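Here are a few notes for you to go through with the model open. Have a look at the fold before reading on.

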Amino acid sequence: MLVTFTKYIVVGIANTLLTLGISFILIYFKVNLYLANIIGYIFGFILSFILNSLFTFSVHLTVLRFSKFFITFLLCYFLNLLGMKIFLDFILISSNLKAYFAQLIGMVVYTLNSFFINKFWVMK
C-alpha cells in the first residue's frame with residue numbers, strides 16, 4: 001500500500017503543477033481569475049483521473065469510474081473544508097498562522113480520504 005500511496009502523491013504533485021501552470025498562464029493572458037482557476041482545476045482533475053487510473057491503481061478508464069472519481073472529489077473537498085473549519089474553531093494558536101495550518105490540515109484530510117475512497121471504491 002505504501003508504493004500505491006507514493007504513486008498517489010506523485011500524481012497529486014503533477015496535478016497541482018498542471019493546475020497552477022494553466023491557471024497562471026491564463027491569468028497572465030488577462031483571463032478572469034475565477035475562470036482561470038476553474039479551467040486549471042478541470043485540467044488537473046482530468047489529469048488526476050487518468051494518471052490515478054492508469055499509473056497509481058492500474059485500472060481501465062471507464063465512465064463509471066470517472067463518475068465515482070468526481071463524487072469522491074466533491075466529498076473529499078467538503079471534508080477538506082470541514083477539517084479546516086473544525087481546526088479554525090477549536091485550535092487556539094496565533095491568528096496570523098491559523099489560516100496556514102488550517103490549509104495544511106485540510107490538505108491532509110483531503111488526501112487521506114481521497115486515497116482510501118479511490119483505492120477501495122472508485123478504482124475497484
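1. Ser58 sits in the loop between H2 and H3 (helices are DSSP runs of H or I, at least four residues, numbered from the N terminus). Ser58 has a positive phi of about 50° without being a glycine, and at 58% relative accessibility Ser58 is exposed (buried is under 20% relative accessible area, exposed over 50%, partly exposed in between, with a 1.4 Å probe and protein chains only).

2. A word on the basis: this is a predicted model, where local features need pLDDT of at least 70, side-chain atom pairs count only at pLDDT 80 or more, and totals for chains, interfaces and linings use all residues. Residues are numbered from 1 along each chain as its sequence is written, and side-chain values use heavy atoms, leaving out hydrogens and water.

3. Lys30, in the loop between H1 and H2, also isn't a glycine, yet has a positive phi of about 70°. Lys30 is exposed, with a relative accessible area of 74%. Most residues other than glycine have a negative phi.

4. Ala36, in helix H2, is buried at 0% relative accessibility. Leaving aside neighbours within four places in sequence, Ala36 is in contact with Ser23, Leu26, Ile27 and Val31 (contact means heavy atoms within 4.5 Å). Ala36 and Thr19 are 17 residues apart in sequence and 9.5 Å apart in space, C-alpha to C-alpha.

Technical notes: Helices (H or I, at least four residues) and strands (E, at least two) are DSSP runs, numbered from the N terminus.
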